[in-house]
Amino acid sequence: MPAPLPARLLDAVLDRLVVPGYSRLGPAVRRRWWPADPAPGSMTGTRVLVTGATSGIGEAMAGAFLALGATVHVLGRSRSKTEDLVAQLHRNHPGAEVVAEVCDVGDLDAVRAWAAGFTDRVDALHGLVHNAGALPPERSETAQGHELTYAVHVLGPHLMTRLLADTLVDHAASVVWMSSGGMYGATLRDDDLEFRTGEYSGVRAYARTKRMQVVLAAEWARRLAPRGIRVTSTHPGWVATAGVTASIPGFGKAMRPLLRTAADGADTTVWLVATRPVSTGEHFWHDRAQRPSTLGWERGQDPAAVQRFLAAVAGATG
Ligand SMILES: NC(=O)c1ccc[n+]([C@@H]2O[C@H](COP(=O)([O-])OP(=O)(O)OC[C@H]3O[C@@H](n4cnc5c(N)ncnc54)[C@H](OP(=O)(O)O)[C@@H]3O)[C@@H](O)[C@H]2O)c1
């Protein structure tokens, strides 16, 4: 049942004013009217893969999926960190099934090799969460010569989705891209996708690739809709994590009292996978509600630019 009109108006005001909506105040207020929590045990018998699970929001998601009864595959790029996480999750969730997956999401050859092994072992996946993310201080390239944020946020997850598509369960699976509210400040560009021209800014590359994730998720939503697979993107608000402390320390320090917990940052993704709400348009969510993916002054994406962007992603991922 939709929230009453005053609650929806307050919700929209919190969102457009950014600070109250994105901070810990957002879920504290919205929790009063947002849709119900998934029932305990409601994910028993399902299998979810979370990338970037070795820290922050991804780690919180893994715990939340286990608490709902799912089998969780936690994917990290460091074997030791990933195995330490599995041991810790086993301690916190005795009897739960947790599987370590090791893969650098930005290395397309590694994604191909890992996905071949995964699909040999697993034939039914109910949740695929593209959460791995990075905001590098300087431009760097992956083994295949792609700019790092483009590879980790866009190319790797796109390739992974394609390679795992046959394991996604019809009418029961969800795919979620963890984007960022920072993408509101970036339009979709279909030129210079590798950030080769001009002075490199990690913040700009981050925002632009987070915008690309939203566009890509909408395209995957369209492609997988005939199979009843739900694809969305989301943003977590401003969350206290090691990533924020390391990448934007000034922001992290100034905003510390207002930052959300990792559990609050993970909440909407877990809810999207567990409850599979119907979504439309650009399929972008925050705090258990669908949000516009562009603001008033730049409504929608240029369809021709979207097609050129998608063709470039397809070309780069073979
Ligand atoms: N925190 C926020 O306020 C905020 C706001 C908007 C969006 N987000 C998004 O939320 C997601 C999680 O962020 P977070 O704040 O939890 O950050 P975090 O603490 O830095 O965690 C990022 C995770 O991604 C993993 N990762 C990075 N590059 C990878 C790669 N190439 N292959 C595989 N894994 C990789 C990291 O692995 P290691 O442990 O090995 O480093 C880590 O597990 C990101 O996509 C981020 O952009 C966060």
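Here is a short chat about ring pairs and pockets in a predicted model.

Visitor: Hi! How many aromatic pairs does the structure hold?
Guide: Hello! There are 6 aromatic pairs, and this is a predicted model. One of them joins Y184 and F284 edge-to-face, with 5.9 Å centre to centre and 80° between the planes.

Visitor: Where do Y184 and F284 sit in the chain?
Guide: Y184 is in the loop between β5 and α8, while F284 is in strand β7. They are 100 residues apart, so this pair links distant parts of the chain.

Visitor: And are those two buried or exposed?
Guide: Y184 and F284 are both buried.

Visitor: OK, what about W238 and F251?
Guide: They form an edge-to-face pair too, at 5.3 Å centre to centre and 80° between the planes. W238 lies in the loop between β6 and α9 and F251 in helix α10, so the pair ties together parts 13 residues apart in sequence.

Visitor: Which residues do ring pairs link into a cluster?
Guide: Y22, W238 and F251.

Visitor: Switching to pockets: what volume does the largest pocket have?
Guide: About 1300 Å³. Its lining has 48 residues, with G133, A134, L135, Y206 and G243 nearest the centre.

Visitor: How does that lining split by class?
Guide: The largest pocket's lining has 22 nonpolar, 20 polar and 6 charged residues.

Visitor: And the second largest pocket, how much space lies there?
Guide: About 290 Å³. The second largest pocket is lined by 16 residues, which divide into 9 nonpolar, 1 polar and 6 charged.

Key
Residues numbered from 1 in each chain as written. Predicted model: local features only at pLDDT ≥ 70, side-chain atom pairs only at ≥ 80, totals over all residues. Heavy atoms only, no water. Phe/Tyr/Trp six-rings, centres within 6.5 Å; stacked < 30°, edge-to-face > 60°. Helix = DSSP H or I, 4+ residues; strand = E, 2+ residues; numbered from the N terminus. Buried < 20%, exposed > 50% of the residue type's maximum accessible area, 1.4 Å probe, protein only. 1 Å grid on protein atoms, 1.4 Å probe; cavity = no way out; pocket = protein on both sides within 12 Å on 5 of 7 lines; lining within 4 Å. Points joined across faces, edges and corners; volume = space filled by probe spheres on them. Nonpolar A, V, L, I, M, F, W, Y, C, P; charged D, E, K, R; others polar.
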